[in-house]
Amino acid sequence: MIMKKLLFVSVIAMFLLSGCAMVQSPVFATLYQDVKAPLAVTGNSGASKVGTAQATSILGAVATGDASIDAAAKSAGITKIHHVDYESTNILGLYATFTVYVYGE
Amino acid sequence: MIYFIKPFDGFQGVKGNEEFIYDLTYQLGEDSLTMNYTYYSPLAMVADSLVFNFSNKSHSYKTHRLFIEKDKKDWRHRYTAQVPLEVIKEFYAVENAPVILVLGGDEKMSYDISKHKWRKFSDIMRQILNMISLNE
């Protein structure tokens, strides 16, 4: 019985330690993370439009979404990109999002 | 200064589960905002106007297609419209939940929001709009 409990705890611990939802960020935190950072800058002038695209990870087990610059630009009809930022959030390694913000014309 | 209000998905189709997601972009000093929005329908629909119904008034704006593409069983429509800043301020000032319509030819998509969600979201939006006014 004790062995079964130990095995169960080990499996849960392994899952929690190795199966965390991770996301790109300039700084990391284990409890809560909500960070915005630069991704790219171009030589184009003007930014009156903003487009976003997002990808999500749950428990590090399921990750979905299209967080590409192309998808973000398309969402706002941007044809000339001025700069690109991203925002990453992570809650306890259980739920993580990566959002791309494209600014341009 | 450019303000971007993240996508909001609180409005739902009157049948229940159809999503209407929109975001707002405002450039300081302009008298209108850009509203980019996404809606889904089983059949592709070409929209021509976006309508806000609130306080027994109807505000209609010309809308332009960004793209229409197949998304699993439905069609995903992405459109854009310019909405006057003053109308947006009035929209978020109303207590009773408003209705948003997308019209195209004889077709109509209608979206509403629960009172609870509206109270919470409109309060945040009023604070954002107030902050924008303070920075004008």
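In the predicted model, strand 8 of chain B (residues 107-112) contributes the most to the lining of the second largest pocket, with 5 residues. This pocket has a volume of about 240 Å³. Its lining comprises 13 residues, and those nearest its centre are B:K15, B:E18, B:S41, B:K108 and B:M109. Divided by class, the lining of the second largest pocket holds 6 nonpolar, 3 polar and 4 charged residues.

Among the 33 residues that line the largest pocket, A:T52, A:A53, A:Q54, B:P7 and B:R76 are the closest to its centre. The element giving the most to this lining is strand 1 of chain B (residues 2-13), with 5 residues. The lining of the largest pocket is made up of 10 nonpolar, 10 polar and 13 charged residues. Strand 1 of chain B also contains B:G10, which is buried because its relative accessibility is 5%, under the 20% limit. The C-alpha atom of B:G10 lies 8.1 Å from that of B:S114, although 104 residues separate the two along the chain.

Chain A contains 2 helices and 5 strands, arranged along the sequence as α-β-β-β-α-β-β. Of its 105 residues, 35% count as buried. On the surface, a nonpolar patch is formed by A:L31, A:Y32, A:I58, A:L59, A:V62, A:I91, A:L92, A:L94 and A:Y95, which together have about 830 Å² of accessible area. A:L59, another member of the patch, is located in the loop between strand 2 (49-58) and strand 3 of chain A. The relative accessibility of A:L59 is 34%, so this residue counts as partly exposed.

Backbone angles were also examined. Most residues other than glycine have a negative phi. A:L59, which is not a glycine, has a positive phi near 60 degrees. In chain B, B:S55 likewise is not a glycine and has a positive phi, of about 50 degrees. B:S55 is placed in the loop between strand 4 (49-54) and strand 5 (57-71) of chain B, and its relative accessible area of 49% makes it partly exposed.

Over all chains, the structure holds 6 salt bridges. One of them links B:E69 to A:K74, with the closest N and O atoms 2.6 Å apart. This pair crosses between chains, joining strand 5 of chain B, where B:E69 lies, to helix 2 of chain A (residues 69-75), where A:K74 lies. Both partners are partly exposed: B:E69 has a relative accessible area of 25%, and A:K74 has one of 37%.

Within chain B, the side chains of B:K89 and B:E86 form a salt bridge with an N to O distance of 3.8 Å. These two residues are separated by about one helical turn, because they stand 3 residues apart in helix 1 of chain B (residues 85-93). B:K89 is partly exposed, at 28% relative accessibility. A further salt bridge connects B:R126 with B:D123, the closest N and O atoms lying 3.6 Å apart. B:R126 and B:D123 are both in helix 2 of chain B (residues 115-135), with a spacing of 3 residues, about one turn of the helix. Relative accessibility is 35% for B:R126, which counts as partly exposed, and 34% for B:D123, also partly exposed. Salt bridges with shared partners join A:K74, B:E69 and B:R76 into one network.

How values were computed: Residues are numbered from 1 along each chain as its sequence is written. Chains are lettered from A and ligands numbered from 1 in the order in which they are written. This is a predicted model: local features need pLDDT of at least 70, side-chain atom pairs count only at pLDDT 80 or more; totals for chains, interfaces and linings use all residues. Side-chain values use heavy atoms; hydrogens and water are left out. On a 1 Å grid over the protein atoms alone, a cavity is a set of points where a 1.4 Å probe fits but cannot get out, and a pocket is an open set with protein on both sides within 12 Å along at least five of seven lines; lining residues have an atom within 4 Å of a point. Helices (H or I, at least four residues) and strands (E, at least two) are DSSP runs, numbered from the N terminus. Ala, Val, Leu, Ile, Met, Phe, Trp, Tyr, Cys and Pro count as nonpolar, Asp, Glu, Lys and Arg as charged, and the others, Gly among them, as polar. Grid points are joined across faces, edges and corners, and a volume is the space filled by probe spheres set on the points. Patches are made of residues with over 30% relative accessible area and no salt bridge: like charges are joined within 9 Å, nonpolar side chains (Val, Leu, Ile, Met, Phe, Trp, Tyr) within 5 Å. Accessible areas come from the Shrake-Rupley method with a 1.4 Å probe; for residues, only the protein chains shown count as cover. A salt bridge is a side-chain nitrogen of Lys or Arg within 4 Å of a carboxyl oxygen of Asp or Glu. Buried means under 20% relative accessible area, exposed over 50%, partly exposed in between (1.4 Å probe, protein chains only).
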